[in-house]
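Please read the numbered points alongside the sequence and the model.

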Amino acid sequence: MTLLAAVKGYRFMAKYITFENSAGEGSQAVALMSESDQSSFYRCTFLGYQDTLYAKSGKQFYKECDIYGTVDFVFGDAAAVFQSCNLYAWLPNCIITFTAQGKKIPNQVSGFVIQNSTLTAAPDLQSNKSQVHAFLGRPWFAWSTVIVMQSYLDSIVDPAGWYEWPGHRTDELTYIEYGNWGPGAGTGRRISWVGYKALNQSEEVIPFTVSKFITGDSWIPETGVPYTSSLY
């Protein structure tokens, strides 16, 4: 593994910074590893291929960030909310997995929430995005938790939505979609795993909002980063 930058401690904050690992396709190349609890990132860019952003642990908040990658390019065991972000599939002709969330313990506060965001091909691939084959995520550990809500899913998202990781369990995970739109947002042909749900009631996803999931109202205002506390 190559690692560009790592942040630890408490309440790390970055604004308008680009983190890039250009190690190339085919090997793990982390642009940033964050294990800073109550960390925040505003209008930052993360550039890499495999495993671009390692949201390792703690509560984390990403607002209006651009994240580029190929395989499992947002991964880790943190409780992280990505709000109004762009997740860009970087290369064609390969299986893209946006997330690989690694929740290891059933009662642990851990998971990725992608809200009011866009999941699409990188701008320079828009004319060839029919070659891009993407999945919202795959389970790194048994209790992998990812919620994609109120977001635009481009046509690159496979109808199955989620990708099985051979040898990894799918019976205990939590994968949720709510209120998404776009050509890749249809849930009629999604995987049939026990832990997958396409939800229609707003009260069912309230626990995954900024205020509830990462208790953001108690610390994000001090950063000055704009945010949406609930669904709207």
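**Notes on the predicted model**

1. D72 and R138 are both buried, where buried means under 20% relative accessible area, exposed means over 50% and partly exposed lies in between (1.4 Å probe, protein chains only). Their side chains meet in a salt bridge at 2.8 Å, N to O; the term denotes a side-chain nitrogen of Lys or Arg within 4 Å of a carboxyl oxygen of Asp or Glu. The pair links distant parts of the chain, 66 residues apart: D72 belongs to strand β10 (residues 71-76), and R138 to the loop between β16 (133-135) and β17 (145-149). Strands (E, at least two residues) and helices (H or I, at least four) are DSSP runs, numbered from the N terminus.

2. Residues are numbered from 1 along each chain as its sequence is written, and side-chain values use heavy atoms, with hydrogens and water left out.

3. A search of the whole structure finds eight salt bridges. In one of them, the side chains of R43 and E64 meet at 2.6 Å, N to O. R43 lies in the loop between β5 (39-42) and β6, and E64 in the loop between β8 (59-63) and β9, so the pair ties together parts that are 21 residues apart in sequence. R43 is partly exposed, at 39% relative accessibility, and E64 is also partly exposed, at 28%.

4. The side chains of R190 and E177 form a further salt bridge (2.7 Å, N to O). Because R190 is in the loop between β19 and β20 (196-199) and E177 is in strand β19, this pair ties together parts 13 residues apart in sequence. R190 is buried, with a relative accessible area of 9%, and E177 is buried at 2%. Elsewhere, K8, E35 and K56 are linked in a network of salt bridges.

5. Six strands form an open sheet with parallel pairing, in the order β3-β6-β9-β12-β15-β18. At the edges stand β3 (18-20) and β18 (152-153), each with a single partner strand, so one side of each has no neighbour in the sheet. Strands count as paired if DSSP finds at least two bridges between them. Strands β6 (residues 45-47) and β9 (residues 66-69) pair in the parallel sense over two bridges, and D66 in β9 is the bridge partner of T45.

6. Which residues have the most contacts inside the largest nonpolar core? They are F46, Y62, F82, L87 and W162, in a core of 46 residues. Such a core is a set of buried Ala, Val, Leu, Ile, Met, Phe, Trp, Tyr and Cys residues joined through side-chain atoms within 4.5 Å. A second, separate core of 19 residues includes I147, I176, L199 and F213.

7. D154 lies in the loop between β18 and β19 (174-178) and is buried, with a relative accessible area of 3%. Its side chain makes a polar contact with the side chain of T120 at 2.5 Å. A polar contact is a pair of N or O atoms within 3.5 Å; within protein, one must be able to donate a hydrogen and the other to accept it, and residues adjacent in sequence count only if both atoms are side-chain atoms.

Definitions and conventions: Predicted model: local features only at pLDDT ≥ 70, side-chain atom pairs only at ≥ 80, totals over all residues.
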